[in-house]
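Student: I would like to go through this model and ask what each label rests on. Please set the values against the criteria as we go.

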Amino acid sequence: MLLNLPDSILFRPVRPQDLNAVMEIEKGAFDAGVQEGSDLYEKRIDAFRDGFLVAEDYETGQVGAYICSEIWHKDMALDSETLALGHDPQKAHNPQGTQLYITSFAARSDWRGRQIGTGLFQALEKRIRTKYPAVDEFILIVSEKWNAAHHIYEKGGFKEIGRIINFFTPDNKPEEDAILMRKAL
Ligand SMILES: CC(C)(COP(=O)(O)OP(=O)(O)OC[C@H]1O[C@@H](n2cnc3c(N)ncnc32)[C@H](O)[C@@H]1OP(=O)(O)O)[C@@H](O)C(=O)NCCC(=O)NCCS
């Protein structure tokens, strides 16, 4: 799919100094109770920087979107325990595995709707295909309420393979089902 991205946007691997910008995006994108902490993001940056990309506006230096992932062995059970928010990336990630799990994906609200999220997702897919040829599938979970993300995944070739009922537990809001999606490469 050909994108019409803003000229000044570049996609690049995360740097440790991006942590604050990533956390600001995360807090703006997810409800309390579904957010993950900066200690975890720090571990994600350490564990697999090739699988953690950000979108930066090189004219302003602002980082406005990120996507992060882990490589798993295919024998990992795709249940609520393995998929739990906050699970330890240093234990889960295995560069010899064949399954890429998207751990988080978000954009600043004032950056949305300009194909930057789609571009970032495509940049990650291209990087993984090139650098980790053994990876033969992508998997992720998306809340039934995250319509834009769900739309991007369906458009990108992901199919629903299961649901985990009441997986997401936002504070002071009803629980939300997680839709488990897969794309074979
Ligand atoms: C998911 C997210 C990163 C996408 O970023 P973005 O830069 O706005 O994405 P894009 O502009 O590339 O694409 C958005 C697509 O969703 C569509 N969309 C937007 N709102 C939508 C809605 N409510 N319902 C269905 N589709 C919607 C847009 O039309 C666009 O599709 P198109 O290219 O076919 O027109 C951003 O919406 C976000 O941060 N959401 C909150 C966090 C989240 O849900 N993360 C997903 C975790 S699994």
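Student: What pattern does the chain follow when read along the sequence?

Tutor: This is a predicted model, and its chain runs β-α-α-β-β-α-β-α-β-α-β-β. That order comprises five helices and seven strands.

Student: What makes the radius of gyration agree with a compact globule?

Tutor: The rule for a compact globule of 185 residues gives a value near 16 Å, and the chain has 15 Å, so the two agree. The C-alpha atoms fill a box of roughly 45 × 40 × 30 Å along the principal axes. Buried residues make up 33% of the 185 residues. Among contacts with a separation of 6 or more, 71% join residues 24 or more positions apart.

Student: Why is Gln115 partly exposed?

Tutor: The label covers counts between the exposed limit of 12 or fewer and the buried limit of 20 or more. Gln115 has 17 other C-beta atoms within 10 Å, and is therefore partly exposed. Gln115 is in the loop between β4 and α4. Its phi is positive, about 70°, although Gln115 is not a glycine.

Student: Which other residue has a positive phi, of about 55°, although it is not a glycine?

Tutor: Asn172 does. Asn172 sits in the loop between β6 (159-168) and β7 (176-184). With 7 other C-beta atoms within 10 Å, Asn172 is exposed, because the limit is 12 or fewer.

Student: How do you know whether Leu78 is buried, exposed or partly exposed?

Tutor: Buried needs 20 or more neighbours and exposed needs 12 or fewer. Leu78 has 18 C-beta neighbours inside 10 Å, so Leu78 counts as partly exposed. Leu78 is in the loop between β3 and α3. Leaving aside neighbours within four places, Leu78 is in contact with Leu83, Ile139 and Leu180. Leu78 and Ile164 are 86 residues apart in sequence, and their C-alpha atoms are 9.9 Å apart.

Student: How do you know how the reach of α4 compares with the expected span?

Tutor: α4 has 16 residues and reaches 22 Å from its first C-alpha to its last, close to the 22 Å expected at 1.5 Å a residue.

Student: Which residues of α4 are buried, and what do they pack against?

Tutor: The buried residues are Ile116, Gly117, Gly119, Leu120, Phe121 and Leu124. They pack against β1 (9-13), β2 (52-57), β3 (62-72), β4 and α5.

Student: Which residues of α2 are buried, and what covers them?

Tutor: In α2, residues 38-47, the buried ones are Tyr41, Arg44, Ile45 and Ala47. Their cover includes α1 (19-29), β2, β3, α3 (89-92) and β4.

Student: What makes a set of residues a nonpolar core, and how many residues has the largest one?

Tutor: The members must be buried nonpolar residues joined through C-beta atoms within 7 Å. The largest such core has 48 residues, and those with the most contacts inside it are Leu53, Ala65, Tyr66, Ile67, Leu120 and Leu140. β3 gives the largest share of this core, seven residues. Apart from neighbours within four places, Ile67 is in contact with Leu53, Ile102, Phe105, Leu120, Phe121 and Leu124.

Student: Which residues come nearest to the ligand?

Tutor: Of the 19 residues around the ligand, Arg112, Gly117, Thr118, Asn147 and Ala149 come nearest. The elements that give two or more residues to this shell are β4 (99-107), α4 (116-131) and α5 (147-155). The largest share, six residues, comes from α5.

Conventions:
Residues numbered from 1 in each chain as written. Predicted model: local features only at pLDDT ≥ 70, side-chain atom pairs only at ≥ 80, totals over all residues. Near = placed C-beta within 6 Å. Helix = DSSP H or I, 4+ residues; strand = E, 2+ residues; numbered from the N terminus. Rg over C-alpha atoms; globule rule 2.2 N^0.38 Å. Contact = placed C-beta atoms within 7 Å. Expected span 1.5 Å × (residues − 1).
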